[in-house]
Amino acid sequence: MSQQERVYKDPDINMETERYWEGAKNGKLLMKKCNSCGKTHFYPRAICPVCSSSDTEWYEASGKGKIYSYSIMRRSEIPYVMAYVTLDEGITMMSNIVESDFDDVKIGKAVEVTFRKTEGNQSLPVFRLCK
Amino acid sequence: MSRMSKAYIAGIYEHPTRKAVDKTIPQLHAEVAIGALKDAGLTKDDVDGYFCDGDAPGLGGMSMAEYMGLNITYTDTTETGGSSYVVHVGHAVEAIAAGKCNVALITLAGRPRAEGLTTLGARDRGGELPERGFEIPYAPVITNMYGMAAMRHMYEYGTTSEQLAWIKVAASHHAQHNEHAMLRDVVTVEDVVNSPMISDPLHRLDCCVISDGGGALIVVSPEIAKSLGDRCVKVLGHGEAVKHLNGGNFDLTYTGAAKSGPIAFAEANVKPADIDYASIYDSFTITVLETIEDLGFCEKGQGGKFVSDGNLISGVGKLPFNTDGGGLCNNHPSNRGGMTKVIEAVRQLRGEAHPRVQVPDCTLALAHGTGGQISTRTGAGTVILGRNDA
């Protein structure tokens, strides 16, 4: 079954995260890396949750990853795929899998980032199966 | 052998309602408090410590203490979702051991059913939640979040829908004897896997009920317990934990029970094999399966095999669980099941469970609560309880 598009709620945007959402508007998936311990964390924060350093820096992620887990929400008016995606950069983030037949969505499958407009015209990173 | 206990559970009460259209939430809190005090043989004027969750009306416990006319010198509003009340038992024991209070009242009440709450729609708690922007737009709801835990567990360990179904089957066998249970029909594995898919791989019958009501517990000092008689139950050990997404580096195949369980078992100085009865939080079948593994009743990944073939059914299997029917069939008041987990464990240790599900010579019991969502942020609370002569 192919997917019908649903309406995406707006993200909450604050001082710590506005760069992430600006990046999304420009078609970029931005991540936060800590210059002290070298680790990428998610969701992006001013202070590294691994080592507590405030020397954190934005960078553009590859946008490639694999499905860590998923669940197809069938009891919604427009069914959708909830997922956790593990990026090549090592972190796992919540997202939706779009543009894909439900039957093709499997754990471990390669996905790439794409973007969807939210109801308030923000841009939201989502993923689709790689061809 | 008589084990040391720093405090005892002296009173329990589970509200019989499952839909409270004509009652307020404060009224339900007061009704369960009165019920538990009566069960203990105490009055509200004996209470000097009050515990409730962050969901109770008002700021902390203050409004409810005022409504019920409590005069308290100790309060705790630890909020870890549905595990709160198990955690409260542990905190009450420590407060009593420290001499800060002698009679602790713990209450839970809510009416999601009367208020028409469904589990659809994103759970938006508002405020300055740091994760909100990165979750709410994707429409996480309780069923798809637990669905992802189940899907990953299946992927890593080969767990099947049929194995998960056995958990519901066992709960239904127990619920048939509970006159207050919402779902009293005995179901089969086929019934579960043939029920409508809600969010893959969880079917409707993998999910708990939504119910109104609540419950209360009274925890007292050893001196007071002595005066109240042998229906008091020992609290032998308590453990708690918070598990979260850890900066994007996490594993959905285990829960906070992997930490809270060993802490509780160590304090009680008992092993999983010593437990005669277990109350395991059952928001979904997968919650039970992962928790059973995490608590050490079987190896990680072997939960599916362990729960199969009636192994959780009282009188049939090795680990009788949720003999009241649990959240899957009986009651999940205010979408928070930790309270009823402790209550049924106390019934078992008193020999007051329904005769058809009573575990013979039940001496040691475990109650485990899970709060929040096991696929994001989750609280865990484990208590090990012992019969008065344990």
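User: Which residues does Leu385(B) touch, not counting residues up to four places away in sequence?

Analyst: Two residues are in contact if their C-beta atoms, placed from the backbone, lie within 7 Å. By that rule Leu385(B) touches Ile9(B), Val233(B), Lys234(B), Val235(B), Leu236(B), Ala345(B), Val346(B), Leu349(B), Ala365(B) and Ala367(B). This is a predicted model, in which local features need pLDDT of at least 70 and side-chain atom pairs count only at pLDDT 80 or more, while totals for chains, interfaces and linings use all residues. Residues are numbered from 1 along each chain as its sequence is written, and chains are lettered from A and ligands numbered from 1 in the order in which they are written.

User: How many residues does the largest nonpolar core have?

Analyst: A nonpolar core is a set of buried Ala, Val, Leu, Ile, Met, Phe, Trp, Tyr and Cys residues joined through C-beta atoms within 7 Å. A residue is buried if 20 or more other C-beta atoms lie within 10 Å of its own, exposed if 12 or fewer, and partly exposed in between. The largest core has 151 residues, and those with the most contacts inside it are Ile9(B), Ile218(B), Val219(B) and Leu385(B). Domain 1 and domain 2 of chain B both give residues to this core, so it lies between them.

User: At what angle do the axes of H3(B) and H12(B) cross?

Analyst: Axes are lines fitted to C-alpha atoms, for helices over the stretch in contact, and angles run from 0 to 180 degrees between N-to-C directions. Angles under 35 degrees count as roughly parallel, over 145 as roughly antiparallel, 65 to 115 as roughly perpendicular and the rest as oblique. The axes of H3(B) (residues 84-97) and H12(B) (residues 338-350) come within 6 Å and cross at roughly 60°. The two helices are therefore oblique to each other. Ser84(B), Tyr85(B), Val86(B) and Val89(B) in H3(B) meet Gly338(B), Met339(B), Lys341(B) and Val342(B) in H12(B).

User: How many residues does each chain bring to the contact between A and B?

Analyst: Chain B brings 29 residues and chain A brings 33. H4(B) gives the most to the side of chain B that touches chain A, with six residues.

User: Which peptide bonds are cis?

Analyst: Among them is the bond from Phe42(A) to Tyr43(A), with omega near -10°. Tyr43(A) is in the loop between strands S2 (40-41) and S3 (56-60) of chain A. The bond from Asp200(B) to Pro201(B) is also cis, with omega near 0°.

User: Is Asn246(B) buried, exposed or partly exposed, and which is Asn322(B)?

Analyst: Asn246(B) is partly exposed, with 14 other C-beta atoms within 10 Å, whereas Asn322(B) is buried, with 30. Asn246(B) has a positive phi of about 55° although it is not a glycine. Asn322(B), not a glycine either, has a positive phi of about 40°.

Terms used
Helix = DSSP H or I, 4+ residues; strand = E, 2+ residues; numbered from the N terminus. Domains from an automatic or database assignment.
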